[in-house]
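Work through the two exercises below with the model open. Each task is followed by a stepwise solution.

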Amino acid sequence: MTGVQVRTATDGDWPAIVLLENTGFGTVHHPDDLAAFRDLVPAGGTVVACEGATVIGVAFYLDLRLTVPGGAILPAAGISGVVVAPTHRRRGVLRAMYDELHRRIADAGYPIAALTASEGGIYGRFGYGPATVDHGLSVDRRFAVLHADAPDPGGVRLVETAECGGEFAAIYDRWRVITPGGLLRPQPLWNDLLADRPEERAGGTALFALLHPDGYALYRVHGEHPKTARVEEFRAVTAEAHAALWRALLGLDLIQEVAIGTYPDDPLPYLLTDTRLARTTGRKDHMWLRAMDVPAVLQARRYACELSVVLQLNDGFRSDGGRFALTVRDGQASCERTEAPVDAELDLDVLGMLYLGVHRASVMVRAGRLRCDDEAVVRRLDTAFVSDVPAQLGFFF
Ligand SMILES: CC(C)(COP(=O)(O)OP(=O)(O)OC[C@H]1O[C@@H](n2cnc3c(N)ncnc32)[C@H](O)[C@@H]1OP(=O)(O)O)[C@@H](O)C(=O)NCCC(=O)NCCS
C-alpha cells in the first residue's frame, strides 16, 4: 500500500475519526457515546491510517476483562471502531491497521483479543472465530401460558432506569464473573447506557426497567398497533430471577410481542406450556475471539474431563500458532509447544469458536474445519470443551 501511513492517533485526529465512524456505520453517534469508549482505550491503543494529512482509516482496542469457562478472568483487547473511508476501501487499509494494532496488542501482553463484527466474512482470515451466539427469540405474549412447574418467586419491582444504576451494576458484576463471555463493565459504559439518549433508541421509547434482587431487565416499547417490547439487556444470576422477570415481561397486557437477543440455551421456552411460542427470529455470531498467546489461553479455562492432545494451530495472519500439547489432569490444564505427533489440526479461528464451549469439535470435523482421524479424540474434545455455564457476550463493543 503506497502513500498510506499507519500511526498512533493524536487528540487532533478525533474530529476526523468521529466523521469517519459516523460515515462508516451510517449513524450519527452522540459525541459522549464515543467518549465513553475512548476512556477504555489504553495509550497507543488507537491507530489511524493517513493519506498525507487525511485520516482515511481508524481502529482501536479497549482494555477489557473476559471471563472464561471455570471463572478465570483474562485481560482481553477488545477491538472496536474499525472503519476505512468508502473512498479507500479494499486496498489493504484494514489489513495494514490490523497488522499494527495486533503488534501493539501482543507487545502489551494481552493473551486474547476479542471483537463484535459488522459482517461475518471479514475476521476469520485474521484468526478470529465466533465464540458466542446471539439467539433471537420473540414471544407472542397474548397466547403465552406459564407452565405449572415454572418458578413463581415474585420479587420484581418496576423502577426508574436512571435511579437504579448501582443495583444493575452490582447484579451485572455478579453475573459476569460466573458467565463465560462476561466482561467487566466500567463506570463510563454504565453512564453511557443509563444516559439512554434518544439517538440510541432506534425509534423506541426510553428504557423501562424491571428489578429483582438477583436480576434485571431493561426494555423499550416499539410501535403503536401492535406494540413490541424489545429487551435490551436481561441479566439473571439465578433461575428464580430469570423466571420472575419473564413472568413480569409476559404480563405486559397491551404488548403483543416480547423480543430478546439471548443465548441458545436460554430456558425461556420451557417456562411456557407451548415452547413453540418462543419463536426463533435469528441466530448470529456475537463475540469473536482470537488467541494471541495460545498456552496462556488454553491453560486459563477449565475443562469438563481429563485430556491429553496435541493440536496443530494454523495462524494465517501472525505467527501465534504452532503445535501445542494440551494436557488436563486433576482439573488443571497445562499447554506448551511440542514436536510430538499431531492429533488434531485446525486454524486459529476454529479455536476461537471452540474456546467458550458454544461450538463443538465434532461439528467442525464435519465441516472440514478440524482435521482428526481418531474419533475418540474428537469425542474427548467435544466433552472437554463443554462449559457448565453457557457463554454469553457481556456487552456489545
Ligand atoms: C470492513 C472495512 C473496515 C474493510 O476495510 P478495507 O480497507 O476495505 O479492507 P482491506 O482492503 O484491508 O481488506 C482486508 C481483507 O479483508 C477482506 N474484506 C474486507 N472487507 C470485507 C467484507 N466486508 N467482507 C468480506 N471480506 C472483506 C478483503 O477482501 C481482504 O482480504 P485478503 O487480505 O485476505 O485478500 C471497511 O469496508 C469499512 O469500513 N466498512 C464499514 C464499517 C465496518 O463494517 N467496519 C467493521 C466493524 S467490525
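The exercises cover a helix pair and aromatic rings.

This is a predicted model: local features need pLDDT of at least 70, side-chain atom pairs count only at pLDDT 80 or more, and totals for chains, interfaces and linings use all residues. Residues are numbered from 1 along each chain as its sequence is written, and side-chain values use heavy atoms, leaving out hydrogens and water.

**Exercise 1.** Describe how helix α2 (residues 31–38) and helix α5 (residues 187–195) are arranged.

Step 1. The axes of α2 and α5 come within 8 Å and cross at roughly 160°.

Step 2. α2 and α5 are therefore roughly antiparallel (angles over 145 degrees between N-to-C directions).

Step 3. Asp32, Asp33, Ala36 and Phe37 of α2 meet Pro188, Leu189 and Asp192 of α5 (contact means heavy atoms within 4.5 Å).

Step 4. Sort the contact residues: 4 are nonpolar, none polar and 3 charged.

**Exercise 2.** Classify the aromatic pairs Tyr172 with Trp175 and Phe208 with Tyr219.

Step 1. Apply the cut-offs: ring centres of Phe, Tyr and Trp (its six-membered ring) lie within 6.5 Å, with planes under 30 degrees apart stacked, over 60 edge-to-face and the rest tilted.

Step 2. Tyr172 and Trp175 are tilted, at 5.5 Å centre to centre and 45° between planes. Both lie in helix α4 (residues 165–178), 3 residues apart.

Step 3. Tyr172 is buried at 1% relative accessible area, and Trp175 is buried at 3% (buried means under 20%, exposed over 50%, partly exposed in between, with a 1.4 Å probe and protein chains only).

Step 4. Phe208 and Tyr219 are stacked, with centres 5.2 Å apart and planes at 20°. Phe208 is partly exposed at 38%, whereas Tyr219 is buried at 7%.

Conventions:
Axes are lines fitted to C-alpha atoms, for helices over the stretch in contact, and angles run from 0 to 180 degrees between N-to-C directions. Helices (H or I, at least four residues) and strands (E, at least two) are DSSP runs, numbered from the N terminus. Angles under 35 degrees count as roughly parallel, over 145 as roughly antiparallel, 65 to 115 as roughly perpendicular and the rest as oblique. Ala, Val, Leu, Ile, Met, Phe, Trp, Tyr, Cys and Pro count as nonpolar, Asp, Glu, Lys and Arg as charged, and the others, Gly among them, as polar.
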